[in-house]
Amino acid sequence: MAALTRLFRSTTTTQNAAASFIHRSLTTAAATQSVTPRIDPKGRNVQWVFLGCPGVGKGTYASRLSALLGVPHIATGDLVREELSSSGPLSKQLEEIVNQGKLVSDEIIINLLSKRLEAGEAKGESGFILDGFPRTVRQAEILNEVTDIDLVVNLKLPENVLMEKCLGRRICSQCGKNFNVASINVKGENGNPDISMAPLLPPSNCVSKLITRSDDTEAIVSERLRIYNEKSQPVEDFYRGLGKLMVFDLPGGIPESLPKLLEALNLDENEDKRSATA
Ligand code: AMP
């Protein structure tokens, strides 16, 4: 409650309302998910954040871990795209911002996130892996005022790999899964290892339904990377200062990276699968 009171004093009225939604959603205790959620030492489900440049694979790894940990994977980029395709009052404005590679205002994004958390709360969700939020220091401060994030995983890949990954990204318009048609082989620079990633091809039933994100063009990806460095890089420093940042250099594609990431997180995929089905 003290955190909320502090927040009321320090943020704007709109942000207060949104932040109080977030606060209420985040402090709900019980979960009724079919997968056994991982309880962290604080006695509640995990509250993690995934940071990383556009194209690094936040969504891929966050969704795998959310399935293992039994907590929802909440990607603010998905919330923005849902709003965009809903032809609601915000959709025109959002389309313009997203297609310039710019960030949506903190106010809009916090409102979208609050609505998503409320809907989850109504379904009995608790805990989360946030992907794509926070993206500005202000967003990180608001989140920090309303709840205690346990861990921030910062995924890293060289910029030339990020560009190739974004240009190769394809999404199934029916099931929503992400794939990648790029075959990446990049020589490591400055003593860093080479990086190879095999394409992540879709199953035959998705092939005819693949779409490309409108913001995955070379010009827009360059702008998104520029904005990440300007606005989101300081978020890494914010969490480093709180002692919550875990930097993870991805060694390659999912087959090489996922087991190493699980190891770094002290998670055992098989153990979690067993508890998920128990
Ligand atoms: P993403 O799928 O995470 O790359 O997000 C797609 C787009 O949604 C971004 O380029 C932004 O325009 C917008 N967006 C997503 N999350 C945020 C956020 N936390 N703050 C501001 N804009 C966001």
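Val 49 stands opposite Val 152 in β4, in a predicted model for which local features need pLDDT of at least 70, side-chain atom pairs count only at pLDDT 80 or more, and totals for chains, interfaces and linings use all residues. Residues are numbered from 1 along each chain as its sequence is written. Strands β1 (residues 47-51) and β4 (residues 151-156) pair in the parallel sense over four bridges, where pairing requires that DSSP finds at least two bridges between two strands, and where helices (H or I, at least four residues) and strands (E, at least two) are DSSP runs numbered from the N terminus.

The open sheet is formed by five strands with parallel pairing, in the order β2-β3-β1-β4-β10. Because β2 (73-75) and β10 (245-249) stand at the edges with a single partner strand each, one side of each is left without a neighbour in the sheet. On average, neighbouring strands of this sheet are turned by 20° against each other, direction ignored, with axes being lines fitted to C-alpha atoms, for helices over the stretch in contact, and angles running from 0 to 180 degrees between N-to-C directions. Helix α3 (residues 58-69) lies across β1, β2, β3 (128-131) and β4, and runs at about 175° to β3; contact denotes C-beta atoms, placed from the backbone, within 7 Å.

Around the ligand there are 16 residues, of which Thr 76, Gly 77, Leu 103, Gly 132 and Arg 135 come nearest; a residue is near a molecule if its C-beta atom, placed from the backbone, lies within 6 Å of it. At least two residues of this shell are supplied by each of α4 (76-85) and α5 (91-98), and the largest share, three residues, comes from α4.

Conventions:
Contact = placed C-beta atoms within 7 Å.
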